[in-house]
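Please read the points alongside the coordinates.

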Amino acid sequence: MTRPHPAIGIGYRYSIHDWICANLASVDVLEITLDHCFAGSEASRAAIFDLVGRIPLTAHGIGLSIGTDAPLDLAYLDKIAAVVDRLEAPAYSEHLAFTRVPGRDLANLLPLPKTESVAESIIAKVRTVQSRISVPFLLENISYLFEWPDSNLSDAEFLALICRETGAGLLLDVENLFLNACNHGFDARAFLDALPAGLVKEMHLAGGVTASEPFLQKSLLVDSHSHPVPDRALALLDHALARHFPATIVLERDERLDAVDEILDDVGRIRSRVAHRSSGNPYGCSAVGSTG
């Protein structure tokens, strides 16, 4: 089954569960944070699983820490696999990052040195994930505030190398790309053009804030998931859609969740951009499911 354009949706958040259920007709898909399915409250877990069959769901993780210089937690990965199957999700995505070191949770997504040797270690771990998960595995580009001094590959080269060797897809976070390009001074469009066609399977969009502190040499854009998607990120989405054909585009929102009109407005703005880009040029990408 194919659809003429990407499914457009939002990240599910339990605190606005009732509002989400009342507005299911406004979105095509919900993205479920897998860790909430076994680490959240009993009520939140039940609410998530009650959505199965009501609307297509896709699966996103936050706790794998694939970049930690240690073996993967296979017990955690098996829990993820069980939830992915229960959600009937068509894919499982995680961040290309590390969030912990042995014995300590860092509570943040941190970047990896972009080198061939680090890529080799990630490639081995991706293959382990793929051997235990029943659906395609996707890696997400993160936003980062610093670069490791020994990095010798560009962001696009690092991602493409890992995905080429493993067959993993890319969850392209357009907002993260926009922030990194602004904060680190590289060409976001050149990044998109350097990615192999067909690599991008899903996309994220969000809106952040500008941080200006006395100890900072310059203001930084921060991925807070708290405000409307900036126009410049939507322009970058336009450029991405000229070459890449994701199955889903998800709006992320984690702060100021009471501003539900902003959420619906962003969904509409994204839908408008997609419709304009795909008009007369159907995507023919695989559907994530059917609302029946």
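1. Residues are called buried under 20% relative accessible area, exposed over 50%, and partly exposed in between. Phe-146 has a relative accessible area of 33% and is therefore partly exposed. The model under discussion is predicted.

2. Phe-146 pairs with Trp-148 in an edge-to-face arrangement, the ring centres being 5.4 Å apart and the planes at 75°. Trp-148 is likewise partly exposed, at 31% relative accessibility.

3. Over the whole structure, the search returns three aromatic pairs. One of them joins Tyr-92 and Phe-137, which are tilted at 40° between the planes, with 5.3 Å from centre to centre. This pair connects distant parts of the chain: Tyr-92 belongs to strand S5 (residues 92–95) and Phe-137 to strand S8 (residues 137–140), 45 residues apart. Tyr-92 is buried, at 0% relative accessible area, and Phe-137 is buried at 2%.

4. The charged end of Arg-86 is placed over the ring of Phe-49, at 3.7 Å from its centre. Lys-114 lies over the face of Tyr-144, 5.0 Å from the ring centre.

5. Ser-224 lies in the loop that runs between strand S12 (220–222) and helix H9 (231–241).

6. Leaving aside residues up to four places away in sequence, Ser-224 touches Gly-207, Gly-208, Val-209 and Glu-255. By contrast, His-239 is 15 residues from Ser-224 in sequence and 23 Å away in space, C-alpha to C-alpha.

Note on methods: Residues numbered from 1 in each chain as written. Predicted model: local features only at pLDDT ≥ 70, side-chain atom pairs only at ≥ 80, totals over all residues. Heavy atoms only, no water. Helix = DSSP H or I, 4+ residues; strand = E, 2+ residues; numbered from the N terminus. Contact = heavy atoms within 4.5 Å. Phe/Tyr/Trp six-rings, centres within 6.5 Å; stacked < 30°, edge-to-face > 60°. Buried < 20%, exposed > 50% of the residue type's maximum accessible area, 1.4 Å probe, protein only. Lys NZ or Arg CZ within 6 Å of the ring centre and 35° of its normal.
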